[in-house]
Amino acid sequence: MQNAINQLVGSANQIILGKDHKIRLALCCLLARGHLLIEDIPGVGKTTLAHTLAKLLGLHYQRIQFTSDILPADILGASVFDAKNLEFNFHPGPVFNQVVLADEINRATPKAQSALLEAMEEHQVTVEGKTYPLPQPFFVIATQNPSHQIGTFPLPESQLDRFLMRIELGYPDAAAERTLLAGENRHRLIETLPVVMPPEALQKIQHAVTQVFVSDALLDYCQALIVFTRESSEYPCGLSPRGGLALLRAAKAWAFMAQRDAVIPEDLQAVLAAVAGHRLRSGNPNSDATIAPLLKVAIH
Amino acid sequence: MDLKNLMNAHPNVLIFLLSSIGLIVFPHISHIPTSIFVFFYVLLFWRFIGLWEPGYLPGKWLLLLLGVCGIALLYSQHQGLFGRDAGTRLFLVALSLKLMEIKSERDLYLISFLAFIVAASQFLYEQNLLMAAYILIVCCALLATLVCINSRDPQPFVALKTASVIVVQALPIAVVLFILFPRVEAPRWMLLNDKQQSRSGLSDSMEPGSISDLGLSDELVFRVKFAGDMPPPAQRYWRGPVLAHTDGKRWTRSANRDFEKFMDQPKFKGLRYQYTLLMEPHDKNWVFALDLPTEYAQPLSRNAHYQLISTENPDKRAEYKVVSYPDYNTGFITRTEYENATQMPGAPSARIKMLVEQLQGFSIPPEQFIKHLLNHFRKEDFHYTLTPPQMEQNPIETFLFETRYGFCSHYASAFVYLMRVANIPARVVTGYQGGEFNTVGNFLEIRQADAHAWAEVWLENKGWVRVDPTAAIAPERIEKNFNLDELALGSVIRFAPVSDNALTASRWLKQAHQLWRNVDYNWQRWVINYNSLNQSKFLSSLGVDNIKLMMYWMIGCIGVITAILSWMLLRQKQKATDRILRIYNRFCQKLAKRGLTRDVAEGERDFAERVKAKLPERSSEIGQITDVFIKLRYGRVSTPEDLKQFVQWVKLFKV
């Protein structure tokens, strides 16, 4: 299993250059059965990352481009009247895929955004009173532009909370940029990628992640972090219990990826920015800056 | 936090406070008037109702009226505020009125402090061990309410636990202050206003019948601890007032007793008994010593009747060291003494004369006559009882010829009277006889039930000789202690041994009872009786003989205790971070010497990586230690060997 993980990270690194940590975080989110939100300016490789992951995992992949006039039916699907059989047939929308890339999610209206809510949380879709299960595994990668850009609807807090992680990609460093500029077309490269981790293997790993051991000492530290967010004046709003659970879930996946069977404080710290950054609503768009005070909380 | 918010958040705090106040005041029931007691509890109950129905609490005018009522109630009992009773009751009324106007958090504190004062005032009335334990427990509950108010923690059990920890921590300091703090004699004026508590005891007169009341009282009179051997029960006569004068019914001390004997030099021989007397508070300055005391220190003196008298106030518990010899010879008799000891209320009747004649009282030596008379009591149909029939007229004659039921004073008075008829100097001695031996504490307890009266006869060459006619009729009364429960039945007392079964069953109970009395004895002796004199005695035996040294010792002891307590507190905190962490911290300290300090928020692995880069030659050891630490602290399974290895590696690790 560890081989597959390393191979996957290695292959992704060949497509998206110089972003090893972000790729690992994205994979970690996936292994923890969470949804991922990538936030950055256009053109830094958000879509490419999503596409690469889907390809390497051999999952069905569909992209939904969110626009200001997109409707829930465009995402979930709709019943269409079949004139031949004289009945309504449900035509599943793009959400019925294993990996859904919701591109520029904050360009859509809140109504359309909320259509994704049930799908993300319940792994099912209800259209016209009928509930349809979504395929397994189900993984939403959403990208969004920084909300100060023109024509964006900031995601409501409830929906932000449903993303296990939010990551920022940022510009590549000079060496990576140079290779990128000199290299081949990325899209063509993606097409040639092999399936490194088939869905069965992924599900097995996802299960193994839940078995990672968490000691009392670590829970103490985790609680100290949560309590700090609630009591410190740095944050207008502390971590919710769901936030705490998410933190632990992500840390388990991170520990698993590092080939450990128990979580250590470094695992929590590694995923802290991605998991807690968007939940603390500090007004600071940079997650690393947001959680800087948290990283000063004593471990013992 | 404002009081209203506090109360809304934690209504329990007030319930807790009111209940503990109710418990604190309750033991006052025995010494405050019912009216004030009822006044207090009505207001407390009212306040309780007010918790749920705040509308029922009194308004300003009603409160004023209540205040006036309280003052009137106090005024009706006392016309001033001085004295123990008036002061205590003033505090009680003030506390009850304050309960009705809890407006701010400050009021809660005020009420708690008032309640502490009321709790302490209990000790002005009773100082026994049980009461001390009770007060300590309820004070603990009150302290818990303070903990509740301060910590905003409404959980009673958590608060109680904290409060008891505080109390236990305070105990060593209390002990040091108790032993070393300069003791001031309680100012007498404080208690002067109050009525003397009436205490029953031997009186300075005797009318056959008056001692029968005493016989039923279980009240402790004094305790005796012997240094060395104890006299046999038949010699345990504790001498009290000597009654020589009689009007035929009533026996009193002779009026001119103070002039009876000078230059008195009784001779002592035989066994010497040395003992310590612990007298309970008393209303007479008599000290009951074993017949006959010879060595005693100030403030004791021996009067002409060989009775010990103390010049100290008998109101307090007092301890005396005395030496007695049961074998003695008082020598000559003075003229006054002789006259007093042969005084008659009038000419004896024909029946009496006939009896003395019949016993050859006029013809044989006194020793023989005594023998005959005792034999008479023994052979004729005389009975020992604590509830004899009434003898209004001529009690001695009635007793001797008609009823023949009586107890010690009947026998003693009849015996002395008959002796005097035969012209032998005789007198009645009152006091106590016997005493129950406490096997646990090794001391004798003498109770009011042990009150006794016997006779003393002056014989040529022997001086005053003790004759106990009661011993003739009921030798068991002298030989062993009788059962109080049997006495209460009012029947003729049987001294027959109790059956074995009942004996074993009651032995257990008796032992427990004795154990308790021993604890109480030590409490009275070492704690209550620890006055300035005993303190200076005790401290000078430790080499602390002036007040300056005493203060140094006190400050030093308190300093040491505080240091120990704070050290324990710090240790406790350290204990919370477990052993593994302590060892790891030792490892970090070793690295810190090289300037490689671990940040508190730095993960152990990150730290190890950082340190390895700085100390490449030690990287394998650092890696080992860190790995095993992570395994021990965060891992799923770790073996004792891991821990051993971890300890070993950290010990060997050197930078």
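This is a predicted model: local features need pLDDT of at least 70, side-chain atom pairs count only at pLDDT 80 or more; totals for chains, interfaces and linings use all residues.
A residue counts as buried when its relative accessible area is under 20%, as exposed when that area is over 50%, and as partly exposed in between. Asn423(B), with a relative accessible area of 49%, is therefore partly exposed.

Asn461(B) is not a glycine either, and has a positive phi of about 70°. Asn461(B) lies in the loop between β20 (451-459) and β21 (463-467) of chain B. Is Asn461(B) buried or exposed? Its relative accessibility is 68%, so Asn461(B) counts as exposed.

Two further loops of chain B contain a cis peptide bond. One such bond joins Asp291(B) and Leu292(B), with omega about 0°. Leu292(B) is placed in the loop between β9 (289-290) and β10 (293-296) of chain B. The other bond runs from Gln298(B) to Pro299(B) and is also cis, with omega near 0°. Pro299(B) belongs to the loop between β10 and β11 (300-302) of chain B.

Now consider chain B as a whole. The chain has 25 helices and 21 strands. Of its 655 residues, 46% are buried. Among contacts in chain B with a separation of 6 or more, 71% are between residues 24 or more positions apart.

Thr145(B) is part of helix α7 (residues 129-151) of chain B. With a relative accessibility of 0%, Thr145(B) counts as buried, because that value is under 20%. Which residues does Thr145(B) touch, not counting residues up to four places away in sequence? They are Val13(B), Phe16(B), Leu17(B) and Ser20(B). Thr145(B) and Phe16(B) are 129 residues apart in sequence, yet their C-alpha atoms are 6.2 Å apart in space.

The buried residues of α8(B) include Ala159(B), Ala163(B), Val167(B), Val176(B) and Leu180(B).

Further along chain B, two helices pack against each other. Helix α23 (residues 604-614) and helix α24 (residues 619-634) of chain B meet at an angle of about 175°, and their axes are 10 Å apart. Angles over 145 degrees count as roughly antiparallel, so α23(B) is roughly antiparallel to α24(B). On the α23(B) side, the contact is made by Glu604(B), Arg605(B), Ala608(B), Val611(B) and Lys612(B). On the α24(B) side, the residues are Ser619(B), Ile622(B), Gly623(B), Thr626(B), Asp627(B), Phe629(B), Ile630(B) and Tyr634(B). By kind, the residues of this contact divide into six nonpolar, three polar and four charged.

Chain A comes next. The chain has 13 helices and nine strands. Buried residues make up 52% of its 300 residues. Of the contacts in chain A with a separation of 6 or more, 76% are between residues 24 or more positions apart.

How many of the twelve residues of helix α12 (residues 265-276) of chain A are buried? Eleven are, so that the helix is mostly covered. Among the buried residues of α12(A) are Pro265(A), Leu268(A), Val271(A), Leu272(A) and Val275(A), and also Glu266(A), Asp267(A) and Gln269(A).

The last stop is Ser79(A), in strand β3 (residues 77-82) of chain A. Its relative accessibility is 22%, and Ser79(A) therefore counts as partly exposed. Leaving aside neighbours within four places in sequence, Ser79(A) is in contact with Phe88(A), Asn89(A), Phe90(A) and Glu128(A). Ser79(A) and Glu128(A) are 49 residues apart in sequence, and 8.4 Å separates their C-alpha atoms in space.

Note on methods: Residues are numbered from 1 along each chain as its sequence is written. Chains are lettered from A and ligands numbered from 1 in the order in which they are written. Side-chain values use heavy atoms; hydrogens and water are left out. Buried means under 20% relative accessible area, exposed over 50%, partly exposed in between (1.4 Å probe, protein chains only). Helices (H or I, at least four residues) and strands (E, at least two) are DSSP runs, numbered from the N terminus. Axes are lines fitted to C-alpha atoms, for helices over the stretch in contact, and angles run from 0 to 180 degrees between N-to-C directions. Angles under 35 degrees count as roughly parallel, over 145 as roughly antiparallel, 65 to 115 as roughly perpendicular and the rest as oblique. Contact means heavy atoms within 4.5 Å. Ala, Val, Leu, Ile, Met, Phe, Trp, Tyr, Cys and Pro count as nonpolar, Asp, Glu, Lys and Arg as charged, and the others, Gly among them, as polar.
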